[in-house]
Amino acid sequence: MTEHIYAHEHPESDEVRPGGFTLWFTGLSGSGKTTIAHLVGPELDARGAIAEYLDGDTVRTHLSKGLGFSKEDRDTNIERIGWVASRLTRHGAAVICAAISPYEETRAKARTMVEEFGPFVEVYVKASVEECARRDVKGLYEKAFAGEIKGFTGVGDPYEQPAAPQLVIDTEEHSPEGSAHLVVAKLEELGLVRAAVNA
């Protein structure tokens with residue numbers, strides 16, 4: 001049936017609203033991506049940015065509902081997130097993506113889509129498989145180690161560490177609050193958010 005779907009080219013504005021960028025958190029399940037993202041977002045809002053979240057689990061509930069966890073489906077999911085992030089970046093939003101995004105090539109595709117309209121800041125949220133398993137309240141790692149979940153990233157399927165992220169945060173060394181501070185400091189350094197105003 002899909003062979004009868006034809007994409008139409010619609011007229012688009014050439015305008016790119018200034019200030020948009022994508023902050024892309026990547027790392028193993030349980031490394032702390034979503035926790036840090038939820039601390040960074042309100043800080044960006046407080047500095048005048050329009051923050052929008054694209055969390056991996058939430059996207060799979062809506063935009064990527066029905067996709068599985070084969071490499072092809074994982075790539076499709078990340079490419080969808082990258083495409084949406086690029087559109088939001090174009091319209092001046094501070095897009096916060098938190099998805100495992102295990103494959104370097106697919107993250108590069110997302111970067112290319114976003115950078116057509118604004119900066120792409122990749123943050124590698126680093127933690128060992130053992131630590132992520134210790135934090136796992138859902139028991140997913142335990143099931144993966146037992147062979148009940150096939151192709152789980154970091155256990156039965158590879159996680160390709162970013163080759164040149166803008167920031168690496170080891171969450172075994174930094175608290176969530178400390179990690180969020182490092183992210184915001186990097187965004188300040190890159191000129192993407194204004195410095196905090198001390199009362």
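Ala94 sits in strand S3, where strands (E, at least two residues) and helices (H or I, at least four) are DSSP runs numbered from the N terminus. This is a predicted model, in which local features need pLDDT of at least 70 and side-chain atom pairs count only at pLDDT 80 or more, while totals for chains, interfaces and linings use all residues. Residues are numbered from 1 along each chain as its sequence is written, and side-chain values use heavy atoms, with hydrogens and water left out.

With a relative accessibility of 1%, Ala94 counts as buried, a term that means under 20% relative accessible area, as against exposed at over 50% and partly exposed in between (1.4 Å probe, protein chains only). Apart from neighbours within four places in sequence, Ala94 is in contact with Phe21, Leu44, Ala49, Ile50, Ala51 and Glu52, contact being defined as heavy atoms within 4.5 Å. The C-alpha atoms of Ala94 and Gly20 are 5.4 Å apart, although 74 residues separate the two in sequence.

Ala185, by contrast, belongs to helix H7 and is partly exposed, its relative accessible area being 32%. Between the C-alpha atoms of Ala185 and Ala195, which are 10 residues apart along the chain, the separation is 8.5 Å.

A nonpolar core is here a set of buried Ala, Val, Leu, Ile, Met, Phe, Trp, Tyr and Cys residues joined through side-chain atoms within 4.5 Å. The largest such core has 21 residues, and those with the most contacts inside it are Leu23, Phe25, Val40, Leu44, Val123, Val183 and Leu187. Two or more residues each come to this core from strand S1 (21-26), helix H1 (33-46), strand S3 (94-98), strand S4 (120-126), strand S5 (167-170) and helix H7 (176-189). Phe25 touches, among others beyond four places in sequence, Val40, Ile96, Val123 and Val183. A second, separate core of 13 residues includes Trp24, Leu54, Cys97 and Phe120.

Turning to the whole chain, the protein has seven helices and five strands, which follow the pattern β-α-β-α-α-β-α-β-α-α-β-α along the sequence. Of the contacts between residues at least 6 apart in sequence, 75% join residues at least 24 apart.
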